[in-house]
Amino acid sequence: VEVQQTFYRLPQLATVQRWRQEAPTEFIFTMKAHQAITHPGHSPTYRRSNLTPQQRQQAGGFRSTAVVRQAWEQTQAVAQALGAAMVVIQCPESFRPEPENVKNLRAFFHWAARGPFHLGLEVRGSAWTDSLVRELCQELELVHVVDPFVRQPVTRGRRYFRLHGIGGYSYRFTDEDFQQLLQWCKRSTWCLFNNVSMTEDAQRFLKLLKGDAHPPKSRTCGTGRPKNKSFSG
């Protein structure tokens, strides 16, 4: 399961420690880094945060500000308490590969202390070319996080897919989609569903991974919770 709540507002360490204790030993958590690292303070996503207007002015863009540094320190602490296998750092669409942005991104991953988890980078938009993303991920030891129906990852080794729905959040994946996804998941892959039917689609795909050639058709399901993304892989 990918914990989404950590992007909007970081929970107390005692809370995530309880999640870890209550989950089975083999259960895998991943999580998103706090938005203050990547997103500018005027982003509507800050409605759910507890940052002051003054703090928001220092947020976003991987800048070396007190707010960004504190956001990473707290993200790292939560990830360690949760035993997270991966921390996903998601950039907003407005974060384009301009020289200043690339410079700040590089600097951030050089000064940000690492923990016992993988780091994934999700950039958006065609301006982020494969060659640039490959260069950054290799240099900074990052996993290229993608929606494979939009673009393919450029990094080797373990992959991390975030499926947002083809054309939008309300999309329900078809059996034909799953056949294509199965081919992409022949290598070691974390595969996360982030669409309206995330829980059901993850369960359907898991059946296919286990050898069921004819998974059930998608049905309306309301069990997916927006803060946590269903995992399969």
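This is a predicted model: local features need pLDDT of at least 70, side-chain atom pairs count only at pLDDT 80 or more; totals for chains, interfaces and linings use all residues.
Student: Which aromatic partner does F205 have, and why is the pair called tilted?

Tutor: The partner is F178, with 5.3 Å centre to centre and 40° between the planes. Ring centres have to lie within 6.5 Å to pair, and planes under 30 degrees apart would be stacked while those over 60 would be edge-to-face.

Student: What does the pair of F178 and F205 tie together?

Tutor: F178 sits in helix α7 and F205 in helix α8 (residues 198-209), so the pair links parts that are 27 residues apart in sequence.

Student: What makes the pair of F108 and F109 edge-to-face?

Tutor: Check the angle again. Their planes are 85° apart and the centres 5.0 Å. Over 60 degrees counts as edge-to-face, so that's the name here. F108 is buried, at 1% relative accessible area, and F109 is buried, at 4%. Both belong to one aromatic cluster, along with F62, W72, F95, W111, F117 and W128.

Student: How many aromatic pairs are there in the structure?

Tutor: The structure holds 19 of them.

Student: OK, now strands. Why is β6 said to be largely enclosed?

Tutor: Five of the five residues of β6 (residues 159-163) are buried, so the rest of the structure largely encloses this strand.

Student: Which way do the β6 side chains point?

Tutor: R159, F161 and L163 go one way, while Y160 and R162 go the other. In a regular strand, side chains alternate between the two faces of the sheet.

Student: How do you know that β6 pairs with β5 (residues 143-146)?

Tutor: Pairing takes at least two bridges. β5 and β6 have two bridges, so they pair, and they run parallel. V145 stands opposite Y160 in β6. β6 also pairs with β7 (residues 189-193) in the parallel sense, over five bridges, and there L163 stands opposite F193. Together, β6, helix α7 (residues 175-184) and β7 make a right-handed β-α-β unit.

Student: Where are the buried residues of helix α6 (residues 130-140) placed around the axis?

Tutor: Those residues are L132, V133, L136, C137 and L140. They cover an arc of only 125°, which puts them on the same side of α6. An α-helix has 3.6 residues a turn, so residues three or four places apart point the same way. On the other side of α6, S131 and Q138 are exposed. What covers the buried residues of α6 includes α5 (99-111) and β5.

Student: What makes K103 exposed?

Tutor: K103, in helix α5, has a relative accessible area of 55%. Exposed means over 50%, so K103 qualifies.

Student: Last one! How do you know that R158 lies over the face of W190?

Tutor: R158 is 4.3 Å from the ring centre, and the distance limit is within 6 Å. K32 lies over the face of F7 in the model as well, at 4.2 Å from the ring centre.

Definitions and conventions
Residues are numbered from 1 along each chain as its sequence is written. Side-chain values use heavy atoms; hydrogens and water are left out. Buried means under 20% relative accessible area, exposed over 50%, partly exposed in between (1.4 Å probe, protein chains only). Helices (H or I, at least four residues) and strands (E, at least two) are DSSP runs, numbered from the N terminus. A crossover is right-handed if, with the strands pointing away from the viewer, the path from the first strand over the helix to the second runs clockwise. The arc is that of the directions from the helix axis to the C-beta atoms. Contact means heavy atoms within 4.5 Å. Rings of Phe, Tyr and Trp (its six-membered ring) pair if their centres lie within 6.5 Å; planes under 30 degrees apart count as stacked, over 60 as edge-to-face and the rest as tilted. A charge sits over a ring if NZ of Lys or CZ of Arg is within 6 Å of the ring centre and within 35 degrees of the ring normal.
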